Amino acid sequence: GTRSGQVSRFDEEGAVKWRHHCIFRAERPFWPWWFLETPLVGALAVGRDPVGERDLLAVGTGSTSLNFLEASTGQLLKDVVSPYGLPDRIQAYLSASSGGLQFLVGHSWLSCGSSVRAWSPPPQAGEGVSYQRSVDPMGRTVDGWDCCGVVDFWVGPLIRGMPDRVVVLRHGAVNQITVYDEATGDPLWDAGLGGAPVALAVVGGGDSAATRICVAEQFGWFVEFDGNGRRVWATHVAGSLRGMNAIPDGDLVLWNREGLYIPGPDQDTDRYRLEGDPLGWYAHPQYAGLLCIEKEHLVLGCRD
């Protein structure tokens, strides 16, 4: 996806298979405060639809819309309004409760509300469950206009073998983490946060006490909750943090422009200096690591 609204698909050799240009919707003149000056792509996600046995693509655009595309051809299947703002948090998800493909969508900024909505794929492309309410709003309004944005969200079982949960991290008028029942959207618990949260990571466990829900904060704080919402650890890792990722062995990695940080089980933190500008974590099956730009080169820094 590009800032101009173009989406391109390439094959394994780098040849272009198709291009699609997202456009502004007709509602733009009526809702100008939620639109950007370009139909930039905020996020995209691809998922396999088990019903139609095809790959589908959901693209969030700067004209506060979702474009649903046929992944093999780039054909536009549906263009719908995503209330309200730039959809820049999207995840394709095979629902454990319904068995069907869903696209979970949130807005991190230029938004009046911090709901995560479940969208069904085309031809319906309709809104489903909304993960919006809180057990304790802590000052949030619950009508969808809460002056917060979705920093990040996660979906899956917090406890192995148990029903899926949706974890939503909010920032704005209220900083809050809320855990929802995936099937119903009912809130299960909330926790308030300080600072400015920038990343969320979840490590499931065999029970609630072993589960870890982790939040990284812009000014360097790292906080862990268990599966019941009890705060179990908080520490100041660095002067700032930009990202965080949970890796399959259960460890967490955090980073900023200067370093990579790995909190240990004994609450000590291993620190590694970065020479390049980090782009994000690449979960390569053999050589997982942090992708960086270093002296005009793309480099992968591995833990080992």
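**Cysteines**

I began with cysteine 292, which counts as buried at 5% relative accessibility; by buried I mean under 20% relative accessible area, by exposed over 50%, and by partly exposed anything in between, with a 1.4 Å probe and protein chains only. I then looked up cysteine 214, which is buried as well, with a relative accessible area of 0%. I searched for disulfides, taking one to be a pair of cysteine sulfur atoms within 2.5 Å, and the structure holds zero of them.

**Ground rules**

I note that this is a predicted model, in which local features need pLDDT of at least 70 and side-chain atom pairs count only at pLDDT 80 or more, while totals for chains, interfaces and linings use all residues. Residues are numbered from 1 along each chain as its sequence is written, and side-chain values use heavy atoms, with hydrogens and water left out.

**The chain as a whole**

I listed the secondary structure and found 25 strands and zero helices; these are DSSP runs numbered from the N terminus, helices being H or I with at least four residues and strands E with at least two. I checked the radius of gyration, taken over C-alpha atoms, against the globule rule of 2.2 Å times the number of residues to the power 0.38: for 304 residues a compact globule would have a value near 19 Å, and the chain agrees, with 19 Å. The C-alpha trace spans about 55 × 50 × 40 Å along its principal axes, and buried residues make up 49% of the 304.

I also looked at contacts, meaning heavy atoms within 4.5 Å; of those between residues at least 6 apart in sequence, 42% join residues at least 24 apart. For the accessible surface, from the Shrake-Rupley method with a 1.4 Å probe and, for residues, only the protein chains shown as cover, I have about 14700 Å², of which 51% belongs to carbon and sulfur atoms.

**Glycine 106**

I placed glycine 106 in strand S8, residues 101-106, where it counts as buried at 1% relative accessibility. Leaving out residues up to four places away in sequence, glycine 106 touches Leu86, Pro87, Asp88, Arg89, Ser115, Val150 and Phe153. Its C-alpha atom is separated by 9.6 Å from that of glycine 60, which is 46 residues apart along the chain.

I found proline 122 in the loop between strand S9 (116-119) and strand S10 (127-131), buried with a relative accessible area of 4%. Apart from neighbours within four places in sequence, proline 122 is in contact with Arg54, Leu56, Phe68, Leu77 and Lys78, whereas tryptophan 255, 133 residues apart in sequence, is 38 Å apart in space, C-alpha to C-alpha.

The bond joining proline 122 and proline 123 is cis, with omega about 15°. I noted another cis peptide bond between proline 83 and tyrosine 84, with omega about -15°; tyrosine 84 sits in the loop between strand S6 (76-81) and strand S7 (89-94).

**Positive phi**

I looked up glutamate 53, whose phi is near 50°, a positive value in a residue other than glycine; glutamate 53 lies in the loop between strand S3 (41-49) and strand S4 (54-61) and is exposed, with a relative accessible area of 60%. Methionine 138, also not a glycine, has a positive phi of about 55°; I placed it in the loop between S10 and strand S11 (148-157), where methionine 138 is partly exposed at 34% relative accessible area.
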